[in-house]
Structure formats: C-alpha cells, structure tokens
Amino acid sequence: VGAGRVEIFEVGPRDGLQNEARAIPTAEKIALVDALSACGFRRIEVASFVSPKWVPQMADGAAVLAGIGRRPGVTYAALAPNLRGYEAAVAAGAGEIAVFVSASEGFSKANLNCTVAESLARLAPIAEAAGRDGTRLRGYVSMAVDCPFDGPTPPGAVARVAAALRDLGCAEVSLGDTVGRATPEGFDAMLAAVLGEMPPDRLAAHCHDTAGRALQVIDAALERGLRVVDAAVGGLGGCPYAPGAAGNVATEAVAAHLAARGFETGLDPEKLAAAAELAQRLRTG
Ligand code: HMG
Ligand code: MG
C-alpha cells in the first residue's frame, strides 16, 4: 500500500521566471508551459498580471496564456495583485487566480507598496468578482516563517492572514517560505497555528530552497497532513522584492523525494527531466 497522493503545484513559469534577468521571449515561456503540460500536473501557474513596472518579466502574461496548448484536465493559473490584474487574468483565460499577502509588514511594503491590512482590503473586490464569476481563488501567505526585513514571523500573524484569505473565499492557502531559510521545526510551529484556522487539505507548502532544507520542510508539512506542495521545475526562481531569496525547490527533486517515500504524484519523471532541462536553457538563452 502506498502512502497516498500528493499534488505538486508547478509554479516554474511564474515564480521561476519572474526573477530571471534575461528578457525571456514569450515563445520560450510557451514552450516551457507546453513541456510541463505533458508531465501530468493538474495545475500550472503560468503568469502574473502585476504591474509591468514592478515585474517586467511577467508583462506578457496574456500572450503566454493565449499561446499555450491547453491540455484537458490541466488548470492554468495566474497571479493578480488587484482587481485590474484579476480581470486581465480571467480575460486571458486563467482558470484559477492566486492572490498574495505578506505575513510581515516589511515585505508587504517592499512587494505590494502597502500595509498588510491595505493589501487584504484590496483583495475584497477580487473576492467579490471571483464569487460572481465562479473563479477558484488561491491565496499565498509570504514570509510565513521568517522575513529579511522584519525577522522571524510570529506564527499567530500567519494564522491571522490565512484566516483572512479563507474569509475572502480562497479555496486553498499556500504558505510561503519566501526566502527559503525555514527549518522544519519553524515551519511546523507555524503550521500548528495555521491549522487552528484551516484544515490541512486546504493548505499548501511553498518552499524556496536557499538553505538546502526544503525537502525536510516539506516532510514536516506532510507530517501535518498537507498534500499540496508548490515547486518550480529546474529549481528556477526567487522573488525580486525578497532579498536573498533563492530558487523554488526543484519539482524534479520533490517528485523523486515523494516517490521514494511511497507517495504518488502522477508525474512522468522522464518528461519532467526534459522540462527541467528546458527550464535551465531558458535561463541562459
Ligand atoms: P504601486 O506602484 O503602489 O501602485 O504598485 P500603482 O497603482 O501606482 O501602480 C503602478 C503602475 O502599475 C501604474 O502604472 C498602474 O497603472 C500599473 P502607471 O500609471 O505608473 O503607468 N498597474 C498595473 N499594470 C498592469 N496590471 C496590473 C496593474 N496594477 C497597477 N494589475 C502594485 C502596486 C500592487 C501594482 C505593485 O506593487 C505590484 O505589481 N506588485 C507585484 C509584485 C510582484 O509581482 N511580486 C512577485 C510576486 S509575489 C511572490 O513571488 C511570492 C510568492 O511566490 C509566495 C512566496 O514565495 O512567498 C507568491
Ligand atoms: Mg515564491
């Protein structure tokens, strides 16, 4: 008997590419998404509809969504910081919209240019529109363990923000170790607080891998009953407004780790390896 099923939520084309210095041509982004579509993912985050002044690399999100070959059964997700981004993402055909909030004030200011409370208020019109449109919302909580501006994040602050995202109608909340320095113990203590607000089947673990501990952190999340793990193919990634943030944990490493532990991901390792190779080639051009 296996250990059960875990979904890897692929964020490479969004979280992975948003931080790349090279202006990656739209066609190359589309090729990466198409390679990922063949791997067996249920969801792939492919674009952001944020200010192009803030994140120039994501300015072509609509063209990416228009150009990809949509595989039945795969949901193509996108990030939106405000109602304008939400509307653009839905118009472009995103099937799930992710909103993002920081658990720390320092990163909220750096990434969204407003306080945590203001960022939550800004999401109310998105929540209303999503309710009307029947769009599934995902919420991210950044700096869920530690913040390069404010230091360690109190678990209670993460629980409060997660509860606010739940109340806004987010079907799932993804807990971000944005700078990738969490310990399994730190992530576990944060989860203990968040699980007072939401059950584990509505939570995801979003790990960057700066300290090389992401797989241990993921094990801590699995231990708490989480069954969705975010990762980026090829270990691409980072956030341009989070100093010191390295790449996301690599999808192929998570998939191999989960397989070794007896979990099923539904992913094809060979196709994943090919997509990882393509992701690495996108970095250098
Ligand atoms: P602002 O400068 O405070 O506000 O930015 P603004 O309203 O003056 O907007 C600035 C300019 O962007 C204006 O243009 C707006 O029109 C335009 P101008 O008038 O100067 O020509 N604008 C837009 N354009 C296109 N689409 C939009 C949009 N909204 C405004 N939706 C704002 C505030 C929120 C817009 C800005 O701070 C922003 O875009 N931030 C996004 C930063 C970002 O994308 N960070 C990376 C994603 S988060 C992440 O990676 C973490 C995560 O992976 C989880 C984890 O690891 O923790 C999710
Ligand atoms: Mg991230």
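Author: The buried residues of helix H11 are Leu272, Ala275, Ala276, Ala279 and Leu282, where buried means that 20 or more other C-beta atoms, placed from the backbone, lie within 10 Å of the residue's own, exposed means 12 or fewer, and partly exposed lies in between. Seen down the axis of H11, these buried residues fall within an arc of 115°, so they line one face of the helix; the arc is that of the directions from the helix axis to the C-beta atoms. The face turned away from the buried side of H11 carries the exposed residues Glu270 and Thr284.

This is a predicted model, in which local features need pLDDT of at least 70 and side-chain atom pairs count only at pLDDT 80 or more, while totals for chains, interfaces and linings use all residues. Residues are numbered from 1 along each chain as its sequence is written, and chains are lettered from A and ligands numbered from 1 in the order in which they are written.

Helices (H or I, at least four residues) and strands (E, at least two) are DSSP runs, numbered from the N terminus. H11 covers residues 269-284, and at 1.5 Å a residue its 16 residues should span 22 Å, which agrees with the 23 Å between its end C-alpha atoms; the expected span is 1.5 Å times one less than the number of residues. Just after H11, Gly285 takes a positive phi of about 85°.

Among the elements that cover the buried residues of H11 are helix H1 (12-16), helix H2 (26-37) and helix H10 (251-260), with two residues in contact if their C-beta atoms, placed from the backbone, lie within 7 Å.
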